[in-house]
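Here is a short tour of one protein chain. Keep the sequence and the 3D view open as you read.

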Amino acid sequence: MTLEQLEQYRNEIDKIDSEILKLVNKRAEFAQQIGFIKKSSIIYRPEREAQILARIQQENPGPLDSARIIQLFTEIMSICRALEKPMTVACLGPQGTFSEEAAIKRFGSAFTTLPCDSIDTVFRTVESGNSGYGVVPVENSTEGAVGRTLDLLLQTSLTVCGEIQLPVHQSLLSIQTDLTKIDKIYSHPQSFAQCHHWLQTTLPGISSAAYINASSNADAARLAAQDEHAAAIAGKRAADFYGLKICAENIEDDSKNTTRFLVLGTQKVAPSGKDKTSLIMSTGNYAGAIHKLLTPLADHNVSMTRLESRPSRTHLWQYVFFVDIEGHQKDTNVATALKELNEKAAFLKILGSYPAT
C-alpha cells in the first residue's frame, strides 16, 4: 500500500466518522422527541431494545461480528436513553462485581450504578423507588440456583423485566504475584465453589480454613488489597479498581462457566417476539401432583426451560417451584396454559415476561 492510498483511506474514514456523528446525533434527537411524546417515567423498553438488536444482527453484513455490533448499539441506545432521563441501577457492590458487569452488558454505560452490600438490599432499593432497576444473580451453570434470590422473588412485589447471561471468568488477584507468600484467600462462596479444583491442585498448601467468604467478589478484592499475604478470587475488572495484580486468569473449573442475572423493575414488559416467562407455583402433596400441575403446559405446547424446587419456608417439607417457560404471558397458548395452571395450583405467582437471551 502506497502513502497516497493510505492517505485516501484515512480521508474516507474521516468522512464516514463525520456522517456517523451526524446520524448518531439525529438518532438522539428522535429519542428525545419520543420521550416528550410519551410523557412517561418509563424510558427503558426491554422489548423494543431487544427487537432493535435482533434486527441489527440480521442486517449486519460484517466484518464486525454480532457480539461487537450488539455492544456498539447497546451503548448508542444507552446514551440516547440517558438524554430522556437519568437511570439508576442497583446491583451487588462495590465496584468491579460481576453484577455490575452484567448491568453494563444490558444497559450500556450511561447509567448510575448504585452498589449494594447484599442481594436483599438490591431488592429493597428498587422496591423503595430509590433505584429504577436492580440486577441480581439467579443461577450459575456450575453451582446452580442462587437461593437468596429465589427466596426474595417469592416475597417481592417487583417484576422480572429482563435477563442477562454473563460468561464468568475468575482470576486470582493479589498485591504481589509470589503465590508462596499468600496464606489466605477472599471470595464469594459461589466463586470458591467454581474454582475448587484449581485451588486444590495449584494452591494445596492453603487449607479451606483460610478461604474467607466475602459479600461479593469485588469486596474480596478490596479486602485483599489491604493485606500483602492475601489474595482474592474475582473478575479482572476488580484488579483495576483496587490496584491488584493478576496472578492467574481463567481459574474457574468450567471454561463455559456462566451466570444468569435477572433485571428487576416495576413495569410490565410487552411482547418482543422472542420471550420468556418466569413464575412460581406450588401444589398439594399427593401422588401425581407435579404431573397434574405441568399438564396445561404440555397440552398447549408451552416449552418449560427450567424447573427449580425450593422450601416454601411456611410449612415443613412443603416446596414451591420456580419455572421458566418459552413465550410471553400474552401469547394465546401461554395465556390459556397459565389460566388452567392457576385453577390447578395451590399457589401461582407470575414474576414477569421479558425478552429471552
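Val 24 sits in helix H1, which covers residues 3-38. The model is a predicted one. At 33% relative accessibility, Val 24 is partly exposed. Together with Ile 16 and Ile 20, Val 24 makes a nonpolar surface patch of about 240 Å².

Look at the spacing of such residues. An α-helix has 3.6 residues a turn, so residues three or four places apart point the same way.

## An enclosed helix

Helix H5 spans residues 119-127. Of its 9 residues, 7 are buried, so H5 is largely enclosed by the rest of the structure. Among the buried ones are Ile 119, Val 122, Phe 123 and Val 126. Asp 120 is buried too.

What covers them? The cover includes strands S1, S2, S3 and S11, along with helix H6. After H5 comes Gly 129, with a positive phi near 85°.

## Salt bridges

The count of salt bridges comes to 16. One of them joins Asp 227 and Lys 184, at 2.8 Å from N to O. Asp 227 is in the loop between helix H9 and strand S9, and Lys 184 is in strand S7, so the pair ties together parts 43 residues apart in sequence.

Asp 324 and Arg 260 form another, with their closest N and O atoms 3.0 Å apart. This pair links strand S14 to strand S11, 64 residues apart. Asp 324 is buried at 3% relative accessibility, and Arg 260 is buried at 6%.

Terms used. Residues numbered from 1 in each chain as written. Predicted model: local features only at pLDDT ≥ 70, side-chain atom pairs only at ≥ 80, totals over all residues. Heavy atoms only, no water. Patch = residues over 30% accessible without salt bridge, like charges linked within 9 Å, V, L, I, M, F, W, Y side chains within 5 Å. Areas by Shrake-Rupley, 256 points an atom, 1.4 Å probe, with all protein chains shown as cover. Salt bridge = Lys/Arg side-chain N within 4 Å of Asp/Glu carboxyl O. Helix = DSSP H or I, 4+ residues; strand = E, 2+ residues; numbered from the N terminus. Buried < 20%, exposed > 50% of the residue type's maximum accessible area, 1.4 Å probe, protein only. Contact = heavy atoms within 4.5 Å.
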